[in-house]
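Good morning, and thank you for making time for this presentation. I would ask you to keep the sequence and the model in view while I speak.

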Amino acid sequence: MAAPVTKDQELELTIDSLAYGGNGVARLNGFVVFVRRGLPGDTVRARVTKVQRRHAEALATEVLRPGPQRVDAPCAHYPACGGCRFQDLAYEAQAESKAGQVADALRRIGGIAEPPLEPILPADDVFHYRNKLEYSFTQLEDGPTLGFHKAGRWDEVLEIERCWLTTDLGNAIRNAVREWARSDRLVAYDQEGQTGYLRHLVVREGRNTGQALVQLVTGPGEKFDTGGFVDVLRVFPEVRSIHWAVNETPAEVTNLPTRLLWGEEAIEEELCGLRFRVRPNAFLQTNTAMAERLYGVAREFAALTGNETVFDLYCGIGTIGLVLAGDALTVWGIDMSEESIACALENAELNGVGNAAFFAGNVGQSVAELHERSGDPDVVVVDPPRAGLAGKALKRLGEIGAPRIVYVSCNPTTLAGDAKRLADDHGYALRRAKPVDMFPHTPHVETVALLEAGV
Ligand SMILES: C[S@@+](CC[C@H](N)C(=O)[O-])C[C@H]1O[C@@H](n2cnc3c(N)ncnc32)[C@H](O)[C@@H]1O
């Protein structure tokens with residue numbers, strides 16, 4: 001049957017719900033249309049942007065009748081800025097919608113008719129919660145400035161004066177760097193023409209320690225006065241670590257080798273009563289307060305008694321493993337980032353944890369070797385990136401057959417697919433699943449799941 005809509009057609013649609021990824025879901029005689037910028041309960045005028053056999057995509061161009069959960073967005077940059085998608089949806093509705101998306105993924109993709117879903121843990125703070133932000137430089141007529149990509153545009157950057165996801169300190173550091181770049185007459189990099197110099201600014205804050213790390217990313221060559229840059233940042237007593245990285249490729253990346261311009265190599269953050277050293281390229285959950293809550297759920301699901309061998313796979317800087325180490329016999333962590341593993345080893349020492357070991361490696365390739373070395377794990381914690389247990393990781397994990405897997409997921413669709421494969425191929429059952437909202441106003445949702453072997 002042909003799709004009942006055509007590209008560029010204008011439609012009047014009523015939005016039922018939000019789909020995973022953040023688009024509104026509308027139905028036209030049963031045919032699904034995903035509507036960008038449509039919120040639940042809205043009736044919108046929308047222009048069709050893409051048509052496929054089973055569904056279409058559209059952009060809401062006008063809200064004809066707002067839904068009951070619409071609120072005023074506080075940020076002056078919303079909705080032009082690509083950082084937030086839902087500042088104009090009441091927070092309770094955002095959280096409810098995310099819980100619904102996890103349930104839907106577990107039913108539809110996981111094949112679990114009645115998922116054992118627990119109520120979502122909402123965010124403690126819905127604004128100012130991020131401990132890290134990456135800004136892009138862009139060139140305006142009167143000089144360079146800093147901001148975020150515009151919503152739906154990879155090629156245009158919106159100047160930001162005040163971001164509601166960071167702190168006053170984060171905003172002040174970014175604006176100070178902008179003024180420095182202007183007064184030194186530096187030029188922002190132009191992605192299209194591959195000209196210019198200033199590329200990105202990364203600002204990281206230890207929210208429980210008050211320490212900040214700043215990383216400037218430029219094109220090749222030392223075309224700025226490094227001492228002047230350091231002086232601008234040393235005005236902020238919180239800034240403890242200033243790095244510079246050079247990006248020689250057109251790719252828009254910031255995880256590059258850095259040169260320390262001033263201060264400490266790393267800053268510290270405190271989580272669940274432990275101190276963690278964080279280097280520029282090491283992974284740290286970007287919402288400190290909710291990371292503590294997330295780890296609390298993982299700890300509850302792991303239900304350790306002190307006698308267990310625990311694997312912490314995709315361990316980053318060792319946060320989960322070190323938080324669990326006090327309740328375990330031994331903890332063994334793997335992460336592919338050598339910089340993160342260097343931090344994990346330092347962090348074990350920093351906290352006087354003697355029963356945790358960390359190794360750099362790809363989980364799919366290294367976990368069998370770890371198994372040989374450590375013996376059978378009682379609990380395996382996995383916290384993979386969005387792609388889930390990709391490559392050989394899931395198969396290897398299934399072969400190891402730990403009694404309990406605690407799966408910390410940042411993508412309910414891959415969690416659901418992995419839970420299904422763990423059930424079908426390796427006999428695991430999903431016992432508990434708890435969504436955690438770490439990222440208000442964005443489509444992201446975290447879930448902690450408990451899988452048990454032997455069904
Ligand atoms: C979502 S983070 C979790 C980090 C940590 N558990 C935490 O809570 O901070 C995912 C981590 O997986 C690592 N990673 C990604 N792919 C990997 C792979 N194939 N093998 C090992 N580590 C991987 C990344 O370096 C990153 O540190």
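Which exposed residues does helix 7 carry on the face turned away from its buried side? Before I answer, please bear in mind that this is a predicted model. The residues in question are E369, E372 and R373.

Let us now turn to the other side of that helix. Helix 7 runs over residues 363-374, and its buried residues are V363, V367, L370 and H371. Viewed down the helix axis, these buried residues fall within an arc of 105°, so they line one face of helix 7. Just beyond the end of helix 7, G375 adopts a positive phi of about 85°.

What follows directly after helix 8? There we find G401, with a positive phi of about 65°. G401 sits in the loop between helix 8 and strand 19. G401 is partly exposed, because 16 other C-beta atoms lie within 10 Å, and a residue counts as buried when there are 20 or more and as exposed when there are 12 or fewer. Apart from its neighbours within four places in sequence, G401 is in contact with H426 and A453. By contrast, G401 and P237, which are 164 residues apart along the chain, have C-alpha atoms separated by 50 Å.

Which residues come nearest to it? Of the 19 residues around the ligand, the nearest are F283, Y314, G316, M336 and D383. Helix 5 (319-325), strand 16 and helix 7 each contribute at least two residues to this shell. In composition, the shell holds 10 nonpolar, seven polar and two charged residues.

Let me now step back to the overall organisation. The domain assignment gives domain 1 (10-65), domain 2 (100-124 + 287-452) and domain 3 (132-267). Between domain 1 and domain 2, the C-alpha centres are 35 Å apart. How many residues of domain 1 are in contact with domain 2? Four residues of domain 1 are in contact with six residues of domain 2. On the domain 1 side of this contact, one residue is nonpolar, three are polar and none is charged.

In soluble globular proteins, nonpolar side chains tend to be buried together. In this model, the largest nonpolar core comprises 129 residues, and those with the most contacts inside it are V35, L294, A298, L313, V381 and V406. Helix 4 (residues 288-302) provides the largest share of this core, with eight residues. As for L294, its contacts, leaving aside neighbours within four places in sequence, are Q285, V408, V436, M438, E446 and V448.

A93 lies in helix 1 (residues 91-108). It is partly exposed, with 19 other C-beta atoms within 10 Å. Not counting residues up to four places away in sequence, A93 touches P40 and Q69. The C-alpha atoms of A93 and A60 are separated by 19 Å, the two residues being 33 residues apart along the chain.

Where is P79 placed? P79 is in the loop between strand 5 (55-65) and helix 1. The peptide bond leading from Y78 to P79 is cis, with omega near 5°.

Finally, two residues other than glycine have a positive phi. N29 has a phi of about 50° and lies in the loop between strand 2 (24-28) and strand 3 (31-36). Is N29 buried or exposed? N29 is exposed, because 5 other C-beta atoms lie within 10 Å. For H128, phi is near 60°, and its place is in the loop between helix 1 and strand 6 (132-140). H128 is partly exposed, with 14 other C-beta atoms within 10 Å.

Thank you for your attention.

Notes. Residues numbered from 1 in each chain as written. Predicted model: local features only at pLDDT ≥ 70, side-chain atom pairs only at ≥ 80, totals over all residues. Helix = DSSP H or I, 4+ residues; strand = E, 2+ residues; numbered from the N terminus. Arc of directions from axis to C-beta. Near = placed C-beta within 6 Å. Nonpolar A, V, L, I, M, F, W, Y, C, P; charged D, E, K, R; others polar. Domains from an automatic or database assignment. Contact = placed C-beta atoms within 7 Å. Core = buried A, V, L, I, M, F, W, Y, C linked by C-beta atoms within 7 Å.
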